[in-house]
Amino acid sequence: MAKEKSNTAKLDFKLEYAAAPESKSSAKINSKYDLFINGKFEKPESKKYFDTINPATEEKIATIAEANQTDVNKAVKAARTAYNNVWSKMPAKERAKYIYRIARMIQERARELAIIETMDGGKPIRESRDIDIPLAANHFFYYAGWADKLQYAFPNKKIAPLGVAGQIIPWNFPLLMAAWKIAPALATGNTVVLKPAETTPLTALKLAEIIQESDLPPGVVNIITGAGATGAAIVNHPDINKIAFTGSTDVGKIIQRAIAGTNKKATLELGGKAANIIFDDAPLDQAVEGVINGIFFNQGHVCCAGSRLFVQESVYNKVLQKLRDRIETLIVGDPLDKNTDIGAINSKQQMDTILKYLKIGEKEGAVMHQSQCSIPKKGYFIRPTLFTNVAQSSRIVQEEIFGPVLTIQTFRTDDEVIEKANNTPYGLSAGVWTDKGSKIFNLTTKMRAGVVWANTFNKFDPTSPFGGYKESGFGREGGLHGLGAYLK
Amino acid sequence: MIMAVTQTNFTIPDFSISPKIDQIGVEERAKRFTARSIKTTSKLSGLKLVLNMIDLTTLEGKDTNGKVKQLCYKAQHLHNNYPDLPTVAAVCVYPSMVKVAKNALGNSGVKVAAVATAFPSGQAPKEVKITDTKFAVDNGADEIDMVISRGKFLQGEYNFVFDEIATIKEACGNARLKVILETGELVTYDNVRKASDIAMYAGADFIKTSTGKIQPAATMPVTLVMLEAIRDFYYKTGKMIAMKPAGGISKSKAALHYLVMLQETLGSAWMSNHWFRFGASSLANDVLMQLEKERTGVYQSANYFSID
């Protein structure tokens, strides 16, 4: 073949699609939301409210109640009463009917939920419409099916729920995480006190409305809002039997310390810094797509994002060139626009964190490649970013950035890349790209990560368990494993 | 001991090692292009570009001089309400019709493309294929659409295919050569990629999906595999190769999706009829119908659009 002249020919992209924004009219949002306790929306005892804003416009969407210790007590008491009097006594197939009903109602209101998810969190409407909301409904459907078949799921085991579950969820997939947590808890006969993240409470509150309309017995699901202090009150509440937390490793450690010595069970799904590995025999164009999807999906606000790319040295120039051309075609902008690929960074705070890491990267001597696309003046936006000339010792390689930032390193042999990929405190996910089946099996058995994708990335399904090794947490959600985490 | 080599099969370039294609990945990516929303101004300019990229085609045994003349008239006057509408890119006919088409098109700027090399099967000796090609070129064809020998390709005789393309390229003289891979007979994306590489290195000016006689003809994933092959060739050599999906693209919406795919895979330099064509017969009328809808706000009956 002709001699390789790397980085000579550069493609030129001038994308001009007319704006195609999703109308906000079908989304009904109240100006104020109270706490959902015992089947009713109640004013907070704290008498305090906070604002939730649209990160794409920096405009306020609604005010949200802030739950204090008294409110948490009320919610836990409602959950305990519902557990003792109703939910634990109800035949499993009756429980399943409610869960199915919630699943169907999510489907019926999918469009509204997608719009609100996008407005409150900044993720592109394409993702909330095609991934978040359908997947949330699927989790309810899946676990509804298990509710009256638990004896078959766990043969030779006495099936007994734990009691009241305290669930704290993050801001990156608000409704989906609520579904991951609530559906298996209900299917196994537990009751729930759930706290959504303070920057993205709206879809969980819309879910509270759905739950209310579904006639689920009062107190079975309680949804209370607030920030860290509210979460701490849930974690430390003596009448809670299980803590399910998804969020940062730092907070996960605090939770584990707090519940040490109690008989609370826990599942923690924490941070990640996934390796995505491209071998020279991989289908490169599809691998590049997978890398793009792996790091820029949901602005990189994904705990299993493929944020460390390892490319076999012999194809490094090719892959880098393809990546650089590909990021030029990504459209960053109004999350409600159907053409948008990368939406708004979730909050000012997260934006500052990411910008801090961009500075650290440059200071460490890494070379930064950003796309040239225009970004809106208002709102929190960051261009898709690649870093080359980085080392395992670079902070941007070691630490979770949680943004659209990819570091790229090279490797020569399988052993080298396995060692480098595992050389991290995290272990949530990994990706392998190769045409060779045996290489896939070798890598997947040696990768210390909860999920290893081969020739694809960021694929989720309710039937498949998800969770981490090492500082990425413990316990599994999804699939049969997810049921087991809510049984004695 | 290894056996003595009786027939040298050692050839460079070795096309048995073309890059591999992941079927799931390429189909997922192709689907993403269809999710781009194209409306208002970008739709209008896109539709006009589509018209300008069409190779208006008639390739039937029952073709007559009269039919070709009609087609040529249509190629130049797409719709009476739009005197300033662009013409199509070319009229695509059998070699025997080249002279008729050439005369009918005059100096309108619409090119004459001729299918040659024993189209559509390609089952003829090399000499016949060369004669076929030269006949079309001598009659005034601006472009030659040749077919590759799929049988030889599937037998692994890549160099036979390479040499044949190179020979026809030579016979083309100044005419631009489109190489039809007939992807429906190659079956796998790996094969499509391999055939694309062979065609480009052998001197193709265009690579083209299909004859239109075999199903499936052009699909978005197949076209994407070929566009990606063109991109890799460009990265390596800096030389641009043109692309022509043909057969099965009859709706404006589908055509716009192809333009999105072209734009996002190869960039704006390819966004003209020198570098991209649609091989289609019924697409033009659907585009005209859409243009009329954009102009008047209502869809019109198919009776208002001439069939040629």
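**Figure 1. Surroundings of A:Thr118.** A:Thr118 touches A:Lys123, A:Pro124, A:Ile125, A:Ser128, A:Pro335 and A:Leu336, leaving aside residues up to four places away in sequence. Contact here means that two C-beta atoms, placed from the backbone, lie within 7 Å. The model is predicted: local features need pLDDT of at least 70, side-chain atom pairs count only at pLDDT 80 or more, and totals for chains, interfaces and linings use all residues. Residues are numbered from 1 along each chain as its sequence is written, while chains are lettered from A and ligands numbered from 1 in the order in which they are written. A:Thr118 sits in helix α3 of chain A. Helices (H or I, at least four residues) and strands (E, at least two) are DSSP runs, numbered from the N terminus. A:Thr118 counts as buried because it has 30 C-beta neighbours inside 10 Å. A residue is buried if 20 or more other C-beta atoms lie within 10 Å of its own, exposed if 12 or fewer, and partly exposed in between, with C-beta atoms placed from the backbone. A:Asp334 is 216 residues away along the chain, yet its C-alpha atom is separated from that of A:Thr118 by 9.7 Å.

**Figure 2. The two domains of chain A.** Domain 1 comprises 24-270 + 469-484, and domain 2 comprises 275-454. These bounds come from an automatic or database domain assignment. The C-alpha centres of the two domains of chain A lie 30 Å apart. Domain 1 of chain A gives 20 residues to the contact and domain 2 of chain A gives 26 residues. On the domain 1 side, α3 (110-121) and α4 (125-146) of chain A are the elements that give two or more residues. The largest share of that side, three residues, comes from α4(A). By class, the domain 1 side has six nonpolar, seven polar and seven charged residues. Ala, Val, Leu, Ile, Met, Phe, Trp, Tyr, Cys and Pro count as nonpolar, Asp, Glu, Lys and Arg as charged, and the others, Gly among them, as polar.

**Figure 3. Chain A as a whole.** Chain A holds 16 helices and 18 strands. Its C-alpha trace spans about 75 × 50 × 35 Å along the principal axes. The radius of gyration of chain A is 23 Å, which agrees with the value near 23 Å for a compact globule of 488 residues. That radius is taken over C-alpha atoms, and the globule rule is 2.2 Å times the number of residues to the power 0.38. Buried residues make up 56% of the 488 residues in chain A.

**Figure 4. Where chain A meets chain B.** The contact takes 29 residues from chain A and 29 residues from chain B. Helix α10 (residues 284-296) of chain A supplies the largest share of the chain A side, five residues. The chain A side has eleven nonpolar, eight polar and ten charged residues.

**Figure 5. Helix α5 of chain B.** The 13 residues of α5 (residues 126-138) of chain B should span 18 Å at 1.5 Å a residue, and the end C-alpha atoms are 18 Å apart, which agrees. The expected span is 1.5 Å times one less than the number of residues. B:Lys129, B:Asp132, B:Thr133, B:Ala136 and B:Val137 are buried in α5(B). Seen down the axis of α5(B), the buried residues fall within an arc of 130 degrees, so they line one face of the helix. The arc is that of the directions from the helix axis to the C-beta atoms. On the other side of α5(B), B:Glu127, B:Val128 and B:Asp138 are exposed. The cover over the buried residues of α5(B) includes α4 (98-105), β3 (111-115), β4 (143-147) and α7 (158-172) of chain B. B:Gly140 follows α5(B) and has a positive phi, near 110 degrees.

**Figure 6. Backbone details in loops.** Most residues other than glycine have a negative phi, and most peptide bonds are trans. B:Thr117 is not a glycine but has a positive phi of about 60 degrees. B:Thr117 lies in the loop between β3 and α5 of chain B, and is buried, with 30 other C-beta atoms within 10 Å. B:Pro120 is also placed in the loop between β3 and α5 of chain B. A cis peptide bond joins B:Phe119 and B:Pro120, with omega about 0 degrees. The peptide bond from B:Gln215 to B:Pro216 is cis, with omega near -5 degrees. In chain A, the phi of A:Lys47 is positive, near 60 degrees. A:Lys47 is exposed, with 9 other C-beta atoms within 10 Å.
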